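Hi everyone, thanks for coming.

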Amino acid sequence: MPQVPQTLDASAVRAWCGLALEALGRAREEIDAINVYPVADGDTGTNLYLTVESAAAAVEAVFAAHAAMSVVGTTHEGPVTEGPASEGAMPGGPLIEPPTLADAVRAMAHGALIGARGNSGTILAQLLRGMAQVLAADTATERTDGPGLGLALRHAADAARQAVAHPVEGTVLTVATAAADAASGVEGDCAAVARAAYEGARAALAATPGQLAVLERAGVVDAGGRGLVAVLEALVETFTGAAPAMGAVPVLAPHARVEAEAAECADGGPGSAPVRDESGPAFEVIYLLEADDTAVARLRDRLDALGDSLVVVGGDGLWNVHVHVDDAGAAVEAGVEAGRPYRIRITHFGPADAHTTGSTVRPVRERAQRAVVAVVPGEGLARLYAEAGATTVLARPGEPPASGELVDAVRRAHALEVVLLPNDAELRHTAAAAAEQARAEGVRVALIPTRSAVQGIAALAVHEPERRFDEDVVAMTSAAGATRYAEVEVAERQSWTMAGICQAGDVLGLIDGDVAVIGSDVTATAESVLNRMLSAGGEMVTLVLGDEAPTAIADHLEARVRESYLAVDTVVYRGGHQGALLLIGVE
């Protein structure tokens with residue numbers, strides 16, 4: 001049996017993150033299947049896995065950075081180890097100083113914060129941050145013992161509860177509190193404290209159906225609490241070398257409960273009661289936010305008035321915001337007023353998603369038949385796409401999404417069939433990789449190679465989920481292909497273009513990806529671009545204004561279209577901080 005740590009140091013944190021990721025990987029599908037609160041969207045296990053994956057990657061990055069620094073800081077004449085290689089040393093090479101405990105736990109907390117997904121993932125991020133605040137308080141301390149671990153678990157549970165606007169018992173918060181309570185009374189090493197926390201959490205998990213009516217009616221334990229038990233299971237394994245047996249939880253499997261209620265309903269019995277709560281918010285909004293404490297306090301109040309399931313975690317200028325609302329745009333705008341929101345994710349709860357309350361529940365979320373996943377360049381477009389039913393991935397200027405983010409969006413869409421709109425020519429290969437990954441997970445994916453958000457708007461306008469999948473994809477592809485696209489932006493540097501040499505500060509008009517006009521005035525350049533596009537004909541002009549576009553440009557261009565092009569309609573949208581000053585589409 002490999003040697004296991006007796007105290008919690010940086011290496012133990014690293015091992016814990018790796019084991020927690022493995023444990024959540026094994027339990028992910030089970031946790032997804034029992035996810036009924038606060039929304040039965042079947043993604044809690046996946047969200048927790050992605051949150052811990054981000055935490056583990058951050059810890060690995062710290063270890064890699066320390067290894068690189070040790071190598072760089074040692075010359076050929078520098079010190080080398082002799083004899084058998086010891087821990088932290090390469091045979092015949094320099095001694096590698098490992099990160100401190102403070103380095104590791106801060107990285108873990110930061111990684112979880114920036115990678116947190118969903119309600120439970122956001123709460124888990126705050127639990128890890130709460131632990132880090134205790135464990136990193138003394139930067140000179142290389143390790144902590146059992147009582148120190150117990151104190152960290154206590155602070156973690158308290159911090160997580162404070163981060164939730166309206167704590168509910170029978171959830172992951174209850175399980176975390178029970179784990180901390182059980183650990184606080186233990187006198188022993190880290191293994192004893194971890195085992196006590198795990199047993200306390202497992203007992204609390206089994207009791208959650210009696211605390212939350214939606215769980216009792218669905219016949220399941222709380223999904224977020226089940227995920228936390230898996231994380232604590234990994235903590236026990238870190239200090240003992242063996243994972244504890246999960247044991248049987250005395251609850252009915254969700255599919256059996258559904259079948260039983262369906263049978264009662266058919267007989268006209270009491271089982272006819274389980275229904276969806278249609279009154280819940282329509283969107284889940286998540287974003288990272290750079291803001292100070294005072295602004296975040298105001299943000300909490302505003303978001304609490306807009307919706308529910310509000311969780312705001314973080315600190316020191318960086319926050320992760322999660323809320324369920326009907327007005328996704330207002331939630332994002334509140335973040336803009338508070339500071340700088342980014343990595344914005346807006347998910348529309350489809351007809352199959354139950355936003356549950358204490359009296360109503362749809363126990364198991366079934367996959368929707370079809371969904372659209374789209375990459376969009378600004379908050380305004382994200383809102384527009386989400387209101388049309390699409391699951392969006394925000395691409396901020398200079399921050400294109402990775403394939404993993406697109407795969408995550410496909411999972412959040414939770415559909416059997418997905419139409420993927422990359423809306424950027426440079427994202428085509430990234431989107432193709434994401435589509436292949438989603439297909440490997442059993443989702444039927446069609447990638448429409450949209451090169452601009454205005455092409456995506458055209459495709460979404462003709463999307464009809466009731467059609468056969470192939471017919472729908474053909475119609476959307478045809479609409480996108482029939483839409484010429486352009487954008488107006490400011491040159492950042494001198495460059496050769498198809499229209500000649502441009503200087504930094506020149507206004508560029510790009511048509512179908514190539515520079516066609518170089519000017520000095522935004523409105524005049526946009527008018528020239530629009531005239532060129534409409535000279536080949538068109539029936540509909542779409543204008544998407546960026547935040548920095550001139551205020552009168554839309555009115556000017558609309559008037560120009562009315563005066564010079566009969567029977568051509570114009571529609572205007574606000575795109576927000578989208579990079580380009582103006583996007584133009586001509587159908």
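Which strand gives the most to the lining of the largest pocket? That is β11, with four residues. Helices (H or I, at least four residues) and strands (E, at least two) are DSSP runs numbered from the N terminus. Besides β11 (484–490), the elements giving two or more lining residues here are β7 (368–376), β12 (495–497) and β14 (507–511).

A quick word on the source: this is a predicted model, where local features need pLDDT of at least 70 and side-chain atom pairs pLDDT 80 or more, while totals for chains, interfaces and linings use all residues. Residues are numbered from 1 along each chain, and side-chain values use heavy atoms, without hydrogens or water.

A pocket is an open set of points on a 1 Å grid over the protein atoms alone, where a 1.4 Å probe fits, with protein on both sides within 12 Å along at least five of seven lines; lining residues have an atom within 4 Å of a point.

Back to the largest pocket: its volume, the space filled by probe spheres set on the points, is about 1,300 Å³. It has 42 lining residues, with Asp424, Glu487, Glu489, Gln578 and Ala580 nearest its centre.

Now, the second largest pocket holds about 500 Å³. Its lining counts 25 residues, and nearest the centre sit Ile114, Gly115, Arg117, Arg343 and Glu405. Here α14 gives the most, six residues. Elements supplying at least two include α2 (44–72), α3 (101–115) and α14 (403–413).
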